[in-house]
Amino acid sequence: MRKSRAKKRILIPDPKFGSILVTRFVNNLMLDGKKSIAFKVFYDALDIVSSKVEEEEALLVWEKSLENITPHVEVRSRRIGGATFQIPTPVRDNRKQSLAMKWLIGFSRKRNEKTMAQKLAFEILAAAKEEGAAFKKKEDMHRMAEANKAFAHFNRF
């Protein structure tokens with residue numbers, strides 16, 4: 001690399017729950033720098049989740065859904081001798097979290113509910129029950145890694 005590695009920015013915990021993970025999620029959810037709107041969408045989504053699930057706290061349901069869609073292995077393309085192989089590699093911790101967040105937000109944006117808070121809430125509930133599009137994405141990624149585990153010995157990352 002020509003330049004030094006970029007410094008990690010220190011995130012401020014969110015005002016309601018005091019969690020840095022929530023701030024990271026809201027930063028991914030945010031569009032056009034409108035962080036207060038992103039926080040409102042997230043908190044509204046958690047209110048909807050808490051109304052649907054009585055016995056558990058909404059933040060715990062959200063954390064469980066993130067955990068359920070967090071990938072453990074991914075495939076990376078590597079060119080060896082003129083052929084391109086899909087090589088399964090373990091995912092770093094930061095990337096695990098960021099992939100899970102991006103999938104949850106991306107697939108909730110594609111849902112058919114009326115508001116973004118509702119879309120996010122129902123995707124969170126689906127992921128907590130181990131169903132929904134984001135969970136399917138994780139399963140597909142794991143299935144692809146399993147299918148290509150014969151090429152794991154090429155792993156040099």
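Predicted model: local features only at pLDDT ≥ 70, side-chain atom pairs only at ≥ 80, totals over all residues.
A residue counts as buried here when its relative accessible area is under 20%.

**Overall picture**

- The chain has 157 residues, and buried residues make up 38% of them.
- Along the principal axes, the C-alpha atoms fill a box of roughly 55 × 40 × 25 Å.
- Take the contacts between residues at least 6 apart in sequence: 61% of these join residues at least 24 apart.

**Helix α1 and its buried face**

- Helix α1 covers residues 20–29, and its buried residues are V22, T23, F25, V26 and L29.
- Viewed down the axis of α1, these buried residues fall within an arc of 160°, so they line one face of the helix.
- As a reminder of the geometry behind such a face, an α-helix has 3.6 residues a turn, so residues three or four places apart point the same way.
- What do the buried residues of α1 pack against? Their partners are four other helices: α2 (35–52), α3 (58–68), α4 (93–109) and α5 (116–128).
- The N-terminal end of α1 is capped by S19, which places a side-chain oxygen 3.2 Å from the backbone nitrogen of L21.

- Setting aside residues up to four places away in sequence, V22 touches D14, F39, F42, L59 and W62.
- Y43 sits 21 residues from V22 along the chain, and the C-alpha atoms of the two are separated by 10.0 Å.

**The aromatic cluster**

- How many aromatic pairs does the structure hold? There are 6 of them.
- One of these pairs joins F25 and F42, whose rings are tilted, with 5.4 Å centre to centre and 50° between the planes.
- That pair links distant parts of the chain, since F25 belongs to helix α1 and F42 to helix α2, 17 residues apart.
- Is F42 buried or exposed? Its relative accessibility is 0%, so F42 counts as buried.
- F42 also pairs with W62, this time edge-to-face: the centres are 5.3 Å apart and the planes make an angle of 75°.
- This second pair again links distant parts of the chain, from F42 in helix α2 to W62 in helix α3, 20 residues apart.
- W62 has a relative accessible area of 0% and is therefore buried as well.
- Stepping back, ring pairs link F17, F25, F39, F42, Y43 and W62 into a cluster.
- One ring of that cluster has a charged neighbour: K16 lies over the face of Y43, at 5.0 Å from the ring centre.

**The β hairpin**

- Strand β2 (residues 83–90) pairs with β1 in the antiparallel sense, over 8 bridges.
- The two strands form a hairpin with 2 residues between them, and G81 in the turn has a positive phi of about 60°.
- Which residue of β2 stands opposite V75? It is P88.
- In a regular strand the side chains alternate between the two faces of the sheet.
- R76 is found in strand β1, which spans residues 73–80.
- With 30% relative accessibility, R76 counts as partly exposed.
- From R76 to K110 the separation is 34 residues in sequence and 26 Å in space, C-alpha to C-alpha.

**S108 in helix α4**

- S108 lies in helix α4, and its relative accessible area of 0% makes this serine buried.
- Apart from its neighbours within four places in sequence, S108 is in contact with M116, K119, L120 and E123.
- Helix α4 covers residues 93–109, and it is also one of the helices that the buried residues of α1 pack against.

Conventions
Residues numbered from 1 in each chain as written. Heavy atoms only, no water. Buried < 20%, exposed > 50% of the residue type's maximum accessible area, 1.4 Å probe, protein only. Arc of directions from axis to C-beta. Contact = heavy atoms within 4.5 Å. Polar contact = N/O pair within 3.5 Å; in protein donor to acceptor, adjacent residues only side chain to side chain. Phe/Tyr/Trp six-rings, centres within 6.5 Å; stacked < 30°, edge-to-face > 60°. Lys NZ or Arg CZ within 6 Å of the ring centre and 35° of its normal. Pairing = 2+ DSSP bridges.
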